[in-house]
Amino acid sequence: MANTVKHYHPLSRILHWLVAVVVIGMFALGYWMVGLNYYSEWYRTAPHWHKSVGILLALVTAFRLVWKHLKGAPEVEGKPYEVVAAKAAHLLMYLLLFALFISGYLISTSDGRGIEVFTWFTVPSLGELFANQSDIAGAVHYYLAYTLIGLAALHALAALKHHFVDKDNTLRKMIGSSK
Ligand code: HEM
């Protein structure tokens with residue numbers, strides 16, 4: 001069936017930029033907090049924020065996919081190989097996000113304690129599901145975080161190339177100023 005969707009829904013655009021800012025913020029927070037020592041006043045607060053925001057981001061990302069399914073998305077513009085690469089990058093970013101949520105959950109819950117999301121609700125722990133869970137999930141989380149940030153940087157460069165070199169509608173569609 002032909003794709004008749006011409007624009008991103010306003011909520012899809014808001015969620016894209018919200019997630020972009022939060023992902024970059026989470027990377028910076030994660031990078032900074034692993035260097036904190038026990039005597040820092042942020043030693044407990046920073047991981048609490050990282051975990052709380054991470055769970056909320058998981059909910060927002062799941063909602064975003066449902067919303068995309070309901071509202072659709074406009075065609076990707078460019079040469080055939082660019083269209084394939086862009087779609088692969090979008091899919092991979094969603095997969096990396098979910099792999100980050102799962103590995104983050106596994107790090108935080110291996111000691112049997114759930115994740116308190118601010119003071120609002122607690123995501124229960126499933127306990128230790130495999131040996132050395134927290135170390136293995138921690139290593140996976142670390143490499144996935146760098147991979148996502150690297151891919152997001154390439155993705156942003158591609159969007160800028162479409163805007164300034166190809167002068168097409170790609171970036172305007174996500175900003176909301178396309179014709
Ligand atoms: C961590 C940061 C980012 C993540 C995780 C991310 C993720 C995504 C994803 C998953 C899509 C596909 C949307 C859909 O489901 O239809 C998308 C689309 C898009 N993103 Fe990003 N993005 C990020 C940052 C950026 C930045 C910084 C820019 C601009 C410089 C940008 C520009 C775009 C554009 C223009 C599209 C639409 C592409 C098209 O329809 O052909 N993104 N982004």
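## Exercises: a helix residue and an iron site

Leu 57 has its place in helix H2 (residues 45–71); helices are DSSP runs of H or I with at least four residues, numbered from the N terminus. The model is predicted, so local features need pLDDT of at least 70 and side-chain atom pairs pLDDT 80 or more, while totals for chains, interfaces and linings use all residues. Residues are numbered from 1 along each chain as its sequence is written, and side-chain values use heavy atoms, without hydrogens and water.

**Exercise 1.** Work out whether Leu 57 is buried or exposed, and which residues it contacts beyond its neighbours within four places in sequence.

*Solution.* Start with the cut-offs: buried is under 20% relative accessible area, exposed over 50%, partly exposed in between (1.4 Å probe, protein chains only). Leu 57 has 8%, so it is buried. Next, look for contacts, meaning heavy atoms within 4.5 Å. Leaving those neighbours aside, Leu 57 touches Val 19, Val 22, Val 23 and Phe 101.

**Exercise 2.** Find the protein donors of the ligand's iron atom and where they lie.

*Solution.* Donors are N, O and S atoms within 2.8 Å of the metal (3.2 Å for Na, K and Ca); water is not among the atoms, so sites may look incomplete. The protein donors here are His 16 (NE2) and His 155 (NE2), 2.0 Å from the iron. His 16 sits in helix H1 (residues 10–33) and His 155 in helix H4, so the pair ties together parts 139 residues apart in sequence. Finally, check accessibility: His 16 is buried at 14%, whereas His 155 is partly exposed at 26%.

Key: Helix = DSSP H or I, 4+ residues; strand = E, 2+ residues; numbered from the N terminus.
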